[in-house]
Amino acid sequence: MPKKIEKRWIEDPDLPKGYLSVSAVDTYLTCPHSFYLQYIEGVQRPLRSVELFEGSTGHAALEFEGEEKLKLGQEVPKEKILEFYCDTFSDTRAEADWKSSEEKPDEIMDRGKVHLTKYA
């Protein structure tokens with residue numbers, strides 16, 4: 001089971017919001033300019049299309065499967081892959097532009113579970 005990181009932050013009044021979250025640190029380590037835009041300037045990232053979101057969450061689950069397979073040296077149970085997929089979907093669903101889609105989030109999630117059950 002993937003280990004979930006609890007929400008933790010470092011409090012410091014000199015920081016833009018008074019604290020530094022795990023996601024802020026991750027953003028900074030990935031791309032300092034994105035950190036600057038998002039956390040200093042307050043520029044919000046645009047929402048991803050539902051199609052991009054659907055593909056990204058499916059890809060993340062397949063990447064998880066591959067990494068676990070290499071680490072454990074054996075097949076990863078489908079239930080573990082589906083659990084990771086559902087957690088990732090739920091944790092990041094706010095990043096998708098659902099207003100631009102006629103499909104509901106539950107429909108997209110169910111389709112992803114079907115694909116992962118068949119092909120993972």
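**Fold and surface of the chain**

Author: The chain has 5 helices and 2 strands. The model is predicted.

Reader: In what order do the elements of the chain run from the N terminus on?

Author: The strands and helices number 2 and 5. Read from the N terminus, the order is β-β-α-α-α-α-α.

Reader: What share of the 120 residues is buried?

Author: Buried here means under 20% relative accessible area. Of the 120 residues in the chain, the buried ones make up 27%.

Reader: Is Thr 27 buried or exposed?

Author: Thr 27 sits in helix α1, residues 22-30. Its relative accessible area is 16%. The cut-off for buried is under 20%, so Thr 27 is buried.

Reader: Which residues does Thr 27 touch, leaving out those up to four places away in sequence?

Author: Gln 38 is 11 residues from Thr 27 in sequence, and the C-alpha atoms are 9.0 Å apart. Gln 38 is one of the residues touched.

Reader: Is Ile 40 buried, partly exposed or exposed?

Author: Ile 40 lies in helix α2, residues 32-40. Its relative accessible area is 42%. That value falls between the cut-offs of 20% and 50%, so Ile 40 is partly exposed.

Reader: Which residues form a nonpolar patch with Ile 40 on the surface?

Author: The patch has about 320 Å² of accessible area in total.

Definitions and conventions. Residues are numbered from 1 along each chain as its sequence is written. This is a predicted model: local features need pLDDT of at least 70, side-chain atom pairs count only at pLDDT 80 or more; totals for chains, interfaces and linings use all residues. Side-chain values use heavy atoms; hydrogens and water are left out. Helices (H or I, at least four residues) and strands (E, at least two) are DSSP runs, numbered from the N terminus. Buried means under 20% relative accessible area, exposed over 50%, partly exposed in between (1.4 Å probe, protein chains only). Contact means heavy atoms within 4.5 Å. Patches are made of residues with over 30% relative accessible area and no salt bridge: like charges are joined within 9 Å, nonpolar side chains (Val, Leu, Ile, Met, Phe, Trp, Tyr) within 5 Å. Accessible areas come from the Shrake-Rupley method with a 1.4 Å probe; for residues, only the protein chains shown count as cover. A salt bridge is a side-chain nitrogen of Lys or Arg within 4 Å of a carboxyl oxygen of Asp or Glu.
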